[in-house]
Amino acid sequence: MLLQYLPLSNINIADDSYRITFAPRLEELKRSIRAVGVIQPINVRHTPENTYQVVTGYKRVLAMQELGRQSVPALVHEPNDLSPTQAFLWNLHDNAATRELNIVEKSHALSKLSQFYSVSEEELVKQFLPLLGEEPSYKTLHQLMSLSQLTEPLKNHVVMCDVALSSASRIAEFSPATQQELLPVLTQIRPSSAKLNELLTLIREISARDAVSVEEILQRYQILQVVADPGTTPTDKVRALRQALRGVRLPQLSERQRQLASLIDNLDLPDSARLVADPYFENDKIKLECQFSHPEEIGDLIKKIQEAFTKQQWHQIFEWYRA
Amino acid sequence: MSVSVSGANLAQLPRKSGSRSKRDISPFRPECLIIESRAADLPFALRITNSLRDVPTDIVDDAALLKVPSDPDEARRRLILTVHRGKALKKCPSSCADNFCCGSMSLDLVSASPIECSYDLPHAAREATPAAFVDLEAILREVSSFLARNEQRYFRIRSGETGDPLAQDHLFDFARVLIPFFASKRNAIYELKTRTSFVDHLLDLKHRNRTVISWALNAQSIIESEERGVASLDERLAAAAKVAAAGFGVGFCLDPVIVNGSPEEATERYGEVVDKMLTAVPSRSIAWVRMGLLKFDPDLPARALKRFPGTRIFAGEIVPVGKLMRYPRFIRERVLKVLWEKLNKALPPHKLHICGESAGVWGTIDPSICDSSCLEKRLCNLETLPISF
């Protein structure tokens with residue numbers, strides 16, 4: 001091992017043998033280097049072909065390049081001193097110990113361990129998932145490994161928008177072409193992971209049921225137009241998209257829900273009261289919810305509800321509900 | 001023992017190594033036999049081992065500790081001979097606080113089978129490995145003792161919950177013991193539920209109307225796409241006609257009814273199944289008909305798509321209801337009501353059962369069920385007692 005100032009031009013930055021970093025954010029690091037230089041030397045492996053592979057410090061190399069520097073302090077390891085497996089583990093531990101890896105980086109790490117270093121699934125689960133800050137479960141392992149099926153733009157989207165692992169792995173189930181079609185829709189919305197999972201499931205189920213491509217679904221139901229309206233809030237976009245897709249996926253249930261909503265709308269209930277039915281009509285009980293902030297409001301509220309109750313529509317709701 | 005292999009020409013087709021084709025209904029023969037040491041000396045184990053002399057055999061202390069192949073096809077090529085842990089006679093798995101149960105018990109001597117259905121897949125390869133409980137004497141002692149302790153009650157004892165009892169009976173020959181056993185009981189009816197047509201070895205057994213042989217039925221298109229290693233609808237009905245002619249009571253189980261389009265399409269499709277059923281078997285020979293719509297654990301689709309990539313059973317309007325996924329109640333009620341009314345033209349209400357539904361749902365279809373005395377009778381199976389076939 002030798003400490004030296006290695007010209008950046010000697011480093012083969014395209015060699016990603018030990019790299020797991022994806023979509024690095026360099027601004028803070030560049031600020032630090034500008035102020036005090038590189039404090040911690042990088043580690044490189046000198047190959048028999050006389051190139052230098054980055055073992056640790058990929059972001060420092062990138063930052064130095066962007067800053068227009070010519071050389072970087074590096075600990076140079078000869079091939080006999082550092083095996084490829086050791087080099088990869090150095091990189092993995094260096095990253096895992098100093099920062100939170102994003103899910104694409106975790107996926108890269110696990111895929112490389114499996115593919116190039118023949119680490120078994122059991123070892124990945126028991127030894128490496130905890131190192132990466134994940135629960136040691138096969139489900140998590142398979143979800144993370146599936147992210148290798150994401151296209152580069154989708155990987156970027158997943159990292160930039162902090163998409164949850166469960167959602168990202170669902171996106172990875174789609175073909176690369178479908179992922180490209182989905183990307184413009186996904187960039188317009190910021191749903192919770194539960195909502196995003198539901199939307200993706202709806203799209204997949206409609207596609208399977210109607211034997212049509214996702215691209216055709218997006219066009220047929222004008223999904224992009226639904227989410228592209230600049231005047232609509234992201235929350236409302238998600239709601240509109242969910243409503244549109246559920247209407248296609250669950251037409252009878254959606255129609256029934258629409259009919260009930262319309263019947264409830266026709267009631268003259270006070271604003272602070274609302275009727276809530278089981279969304280799937282499993283239970284034939286209807287709940288009346290009231291809100292009030294002072295005890296004196298209760299009497300007035302009950303009176304208004306009683307007035308509404310005398311209306312015929314109440315009975316209609318129950319008759320319709322039980323029909 | 002003769003084994004009926006309907007569509008024998010199909011059995012002659014070259015089989016792809018490992019997996020049974022959808023239409024492969026040739027009798028199951030394991031490629032590896034695993035015997036638990038505590039079961040090894042039991043008479044049924046010895047007889048099965050003798051009939052599989054040329055099959056490689058391992059004797060192990062505990063089959064549950066064996067490493068199971070991750071590939072279900074490979075797991076399915078094994079056969080484990082074991083003994084029952086805990087009680088063999090169990091409450092019907094559909095019985096829970098929310099469901100109005102048919103009040104039956106279950107008794108299974110086989111676990112898993114060569115049959116595979118997209119709507120009822122094992123969670124793990126371990127559960128896909130066929131196993132036979134060969135401690136038959138102990139099991140029958142348990143059943144006898146239970147029935148004697150509850151002699152005032154009448155029980156329907158079902159099979160087919162954990163595996164098809166007839167799919168491998170050419171190897172086990174359990175039915176030849178069970179049917180005469182129940183023939184000697186005063187307060188129980190045993191139900192052998194199958195998707196096969198392997199019934200020839202049952203025809204001359206003494207049953208005294210204490211065994212009902214029943215068939216899980218579905219539309220032929222669903223059988224073709226969602227079930228493997230089973231008999232066709234026509235083959236099942238032909239087998240049902242055969243056992244009815246031999247004096248057995250016949251049961252039918254229209255479950256899972258699949259609703260992919262409108263409820264009307266489903267009732268038309270399953271109405272045809274009902275018509276065929278009533279044509280094949282005289283209504284006086286029908287002991288009961290159970291029906292239920294598709295319901296499944298939320299994790300089933302992911303598992304099913306691996307085994308049945310072309311499955312269409314999840315295309316309907318399915319929503320979460322409690323811990324299960326199923327059609328909304330208004331769809332279930334519409335389908336069940338039409339089928340119930342159609343069946344009720346040929347069969348009395350007490351022969352019609354609805355699976356996995358609350359008394360509220362059942363009551364909208366068969367209002368007589370809401371009567372408390374009727375409810376009591378159903379739960380005690382008193383209406384089943386005077387078997388009229």
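1. Chain B holds an open sheet of five strands in the order 2-1-3-8-6, with mixed pairing; strands are DSSP runs of E with at least two residues, helices are runs of H or I with at least four, and both are numbered from the N terminus. Two strands pair if DSSP finds at least two bridges between them. Strand 2 (57-60) and strand 6 (110-111) of chain B each have a single partner strand and stand at the edges, so one side of each lacks a neighbour in the sheet.

2. This is a predicted model, in which local features need pLDDT of at least 70 and side-chain atom pairs count only at pLDDT 80 or more, while totals for chains, interfaces and linings use all residues. Residues are numbered from 1 along each chain as its sequence is written, and chains are lettered from A and ligands numbered from 1 in the order in which they are written.

3. Within the sheet, strand 1 (residues 32-36) and strand 3 (residues 78-82) of chain B pair in the parallel sense over four bridges. B:Ile34 stands opposite B:Ile80 in strand 3 of chain B. Helix 2 (residues 43-51) of chain B packs on the sheet and touches strand 1, strand 2, strand 3 and strand 8 (131-133) of chain B.

4. Strand 11 (residues 211-217) of chain B is largely enclosed by the rest of the structure, because seven of its seven residues are buried. A residue is buried if 20 or more other C-beta atoms, placed from the backbone, lie within 10 Å of its own. From this strand, B:Thr211, B:Ile213, B:Trp215 and B:Leu217 point one way, and B:Val212, B:Ser214 and B:Ala216 the other way.

5. Strand 11 of chain B pairs in the parallel sense with strand 10 (residues 188-194) of chain B over five bridges, and B:Val212 is the bridge partner of B:Glu191. Six bridges join strand 11 to strand 13 (residues 249-257) of chain B, also in parallel; here B:Phe252 is the bridge partner of B:Trp215.

6. The largest nonpolar core has 104 residues, and B:Ala132, B:Val134, B:Val250, B:Leu254 and B:Val257 have the most contacts inside it. Such a core is a set of buried Ala, Val, Leu, Ile, Met, Phe, Trp, Tyr and Cys residues joined through C-beta atoms within 7 Å. Apart from it lies another core of 60 residues, including A:Leu147 and A:Val214.

7. In chain A, 10 of the 13 residues of helix 4 are buried, so this helix is largely enclosed by the rest of the structure. Among the buried residues are A:Ile103, A:His108 and A:Leu113.

Notes: Buried ≥ 20, exposed ≤ 12 C-beta atoms within 10 Å, placed from the backbone. Contact = placed C-beta atoms within 7 Å. Axes fitted to C-alpha atoms, helices over the stretch in contact; angles between N-to-C directions.
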